[in-house]
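Here is a short briefing to read alongside the structure. Have the viewer open and follow the topics one at a time.

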Amino acid sequence: MKLASERIQEHNKQYQQQHQQKIAALLPQLKNAEAVIQKLTDFQIAIPSWALGTGGTRFGRFSGSGEPGNLEQKIEDVGLLHALNRSSGAISLHIPWDIPGDPKAIQELAAGFGLRFDAVNSNTFQDQPGQAHSYKFGSLQHTDKKVRQQAIDHNIEVIKHGIALGSDSLTVWLSDGSCFPGQLNFRKAFQRTLDGLREIYAALPDNWKMFVEYKAFEPNFYSMTVGDWGQSLLYANKLGPKAYTLVDLGHHLANANIEQIVALLLGEGKLGGFHFNDSKYGDDDLTVGSINPYQLFLIFNELVTGMDERNMNHARDLGWMIDASHNVKDPLEDLLQSVEAIKIAYAQALLVDQPALSAAQEANDTALAQEILQDAYRTDTRPLVAEARLRAGAALAPLRLYRDLDARGQLTKERGSKSVATGL
Ligand code: PSV
Ligand code: MN
């Protein structure tokens with residue numbers, strides 16, 4: 001479904017006056033509004049190809065309608081999101097869920113929507129039909145060399161798909177681990193995994209990055225071989241300068257201080273990328289910002305200061321991606337909400353008076369430090385985010401326009417009510 005720019009202009013005309021009032025009230029309160037708006041315009045968040053259909057839990061999946069049935073349709077969906085918000089200018093593919101048949105044609109299709117290809121993701125956490133060896137007892141950690149080799153070969157294959165699409169990073173998430181004490185020799189599992197990652201690392205083109213994603217639990221509930229940021233950092237440090245840790249917000253034990261983890265990884269120059277989502281109990285894959293927006297803001301505060309200290313480009317130097325599963329909401333609506341929540345938190349973090357915060361910290365003025373942070377957090381940054389969208393030619397209220405267009409109805413007419421997307 002293509003969205004004509006006239007339709008966006010028509011929508012913006014309708015909400016222009018309301019928006020002008022809000023932005024006019026906010027701007028005089030801010031010192032750096034123009035710089036913030038520019039940063040918001042530049043900041044793009046990649047959409048995972050597996051989040052465009054309805055997800056599920058192990059108890060079932062209640063599919064929606066008009067879901068994308070192939071990679072082309074997934075790209076069209078991300079194109080629609082990007083037309084609405086001009087903030088979702090990249091797509092991340094999971095192989096083999098989304099193998100591009102004709103990479104050149106796929107790249108052209110994506111470019112037509114203004115999209116590039118973000119990190120490619122390998123999958124050694126499921127057995128595929130016809131696969132020679134099973135990953136039931138792990139992939140890179142496996143006791144059998146043949147299984148490990150199969151997992152290495154798969155990752156190298158994924159890199160090749162990525163090269164053909166113009167991607168420049170590989171995300172490796174391993175579900176390897178154990179379910180019961182005694183099942184696994186931890187040190188051997190670590191060493192085998194490291195050896196496998198080294199072979200994959202050796203196949204990376206010079207300009208590529210490898211992201212090592214960690215997860216504390218699931219599917220193995222006793223130990224995970226890349227279970228936390230410490231383990232991921234160990235691998236990344238041993239692998240070399242192209243390897244980084246990837247933080248998925250849902251992959252921590254409850255109440256983990258993620259902002260501190262982010263600060264330290266950035267300080268070490270080893271934070272590579274992000275998977276945004278939110279959770280109440282575990283890896284619930286809920287819409288980012290829907291449960292704990294303050295934590296999201298605190299994370300962004302560390303990201304902004306940490307990146308600034310290292311002279312990093314906020315938009316380009318880390319991989320930004322959503323990784324969520326949409327069980328009850330329309331996935332496209334959920335993704336619009338996710339991007340909005342990320343940008344609101346980013347804008348709030350850009351408003352923190354960093355010199356004042358730093359002075360309060362040095363003076364051990366705890367109350368003042370909290371005031372400074374919360375002052376920024378309690379600023380309604382939505383008009384700034386909307387202004388950035390307006391200037392980029394996107395919709396002032398993307399979700400409202402999506403509904404006014406009856407986009408899901410249109411997609412259902414085109415694709416039918418029973419199409420089920422590959423992925424989660
Ligand atoms: C695992 O829970 C994960 O976060 C990894 O990023 C996977 O690639 C993705 O979800 C899809 O299952
Ligand atoms: Mn993830």
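The shell around ligand 1 is made up of five charged, three nonpolar and two polar residues. In this predicted model, ten residues surround the ligand, and the closest are Asn121, Trp173, Glu213, Asp248 and Asp323.

**The nonpolar core**
- The largest nonpolar core holds 114 residues, and Leu84 and Ile91 have the most contacts inside it.
- Helix H10 (residues 331–350) gives the most to this core, contributing twelve residues.
- Leaving aside residues up to four places away in sequence, leucine 84 touches Leu3, Leu336, Ala394, Ala395, Pro398, Leu401 and Tyr402.
- In soluble globular proteins, nonpolar side chains tend to be buried together.

**Strands E9 and E10**
- Strand E9 (residues 271–276) runs parallel to E10, and four bridges join the two.
- Phenylalanine 276 stands opposite isoleucine 322 in E10.
- From E9 the chain passes through H9 to reach E10, making a right-handed β-α-β crossover.
- On strand E10 (residues 319–322), Gly319 and Met321 point one way while Trp320 and Ile322 point the other way, and all are buried.

**Threonine 305 in helix H9**
- Helix H9 (residues 293–309) includes threonine 305.
- Is threonine 305 buried or partly exposed? Threonine 305 counts as partly exposed because 17 other C-beta atoms lie within 10 Å, and a buried residue would need 20 or more.
- Threonine 305 and glutamine 354 are 49 residues apart along the chain, and their C-alpha atoms are separated by 7.8 Å.

Methods
Residues are numbered from 1 along each chain as its sequence is written. Chains are lettered from A and ligands numbered from 1 in the order in which they are written. This is a predicted model: local features need pLDDT of at least 70, side-chain atom pairs count only at pLDDT 80 or more; totals for chains, interfaces and linings use all residues. A residue is near a molecule or strand if its C-beta atom, placed from the backbone, lies within 6 Å of it. Ala, Val, Leu, Ile, Met, Phe, Trp, Tyr, Cys and Pro count as nonpolar, Asp, Glu, Lys and Arg as charged, and the others, Gly among them, as polar. A residue is buried if 20 or more other C-beta atoms lie within 10 Å of its own, exposed if 12 or fewer, and partly exposed in between; C-beta atoms are placed from the backbone. A nonpolar core is a set of buried Ala, Val, Leu, Ile, Met, Phe, Trp, Tyr and Cys residues joined through C-beta atoms within 7 Å. Two residues are in contact if their C-beta atoms, placed from the backbone, lie within 7 Å. Two strands pair if DSSP finds at least two bridges between them. A crossover is right-handed if, with the strands pointing away from the viewer, the path from the first strand over the helix to the second runs clockwise.
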